[in-house]
Amino acid sequence: MEKLNNSSDRIISVIYCNIKSEPDAFEKWIKDRASKYVYDLKEENTISYEWYLSENRKEASLIETFVDSEGAIQRLKNHSKSPIANEVLEHVDIKSVYCFGNAKKDLIEIFSAWGAKFQTHFCGFNIINYRG
């Protein structure tokens, strides 16, 4: 194992939602519309974009990982201009937003408008070559 990283520019966002559309419609929208759209953007500083669903299919979390604050800001700018931006709120009610990492001022301002909670990076490790 490499050394523990005591500093990191990586940003992780977690958006927790209640699903308000029918579960099958929501899952189809995530697979065929939202995830495909974001993937096709090929954002250079986006590491991951992953949805997680509760067992009863009434709650969902979107977890995104970025190289740094600039990557997260680019993702949010692209989202605001995207054709799926208005569709999101047809499918979910956003309940909470978390931003983990050493977010820069611009990112803090954007996420604060959503009522985000922030935690700065402290210590840990990441297996960069993991392919799960």
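How exposed is Lys20, in terms of relative accessible area? Lys20 is partly exposed, at 46%; buried denotes under 20% relative accessible area, exposed over 50%, and partly exposed the range in between (1.4 Å probe, protein chains only).

## Basis of the model

The structure is a predicted model, in which local features need pLDDT of at least 70 and side-chain atom pairs count only at pLDDT 80 or more, while totals for chains, interfaces and linings use all residues. Residues are numbered from 1 along each chain as its sequence is written, and side-chain values use heavy atoms, with hydrogens and water left out.

## Sheet and packed helix

An open sheet of mixed pairing is formed by five strands in the order E2-E3-E1-E4-E5. Strands (E, at least two residues) and helices (H or I, at least four) are DSSP runs numbered from the N terminus, and two strands pair if DSSP finds at least two bridges between them. Axes are lines fitted to C-alpha atoms, for helices over the stretch in contact, and angles run from 0 to 180 degrees between N-to-C directions.

Strand E1 (residues 11–19) and strand E4 (residues 92–100) run antiparallel and are joined by eight bridges. Ile12 has Phe100 as its bridge partner in E4. Helix H2 (residues 69–81) packs on the sheet, where it touches E1, E2 and strand E3 (59–66), and its direction makes about 130 degrees with that of E3; contact here means heavy atoms within 4.5 Å.

## Salt bridges

The whole structure contains eight salt bridges, each defined as a side-chain nitrogen of Lys or Arg within 4 Å of a carboxyl oxygen of Asp or Glu. One of them joins Lys20 and Asp93 (3.4 Å, N to O). This pair links distant parts of the chain, 73 residues apart: Lys20 lies in the loop between E1 and helix H1 (23–41), and Asp93 in strand E4. Asp93 is partly exposed, at 34% relative accessibility.

Arg75 and Glu43 form a salt bridge with their closest N and O atoms 2.9 Å apart. Arg75 belongs to helix H2 and Glu43 to the loop between H1 and E2, so the pair ties together parts that are 32 residues apart in sequence. Arg75 is buried at 5% relative accessibility, and Glu43 is buried at 12%. A network of salt bridges links Asp24, Glu27 and Arg57.
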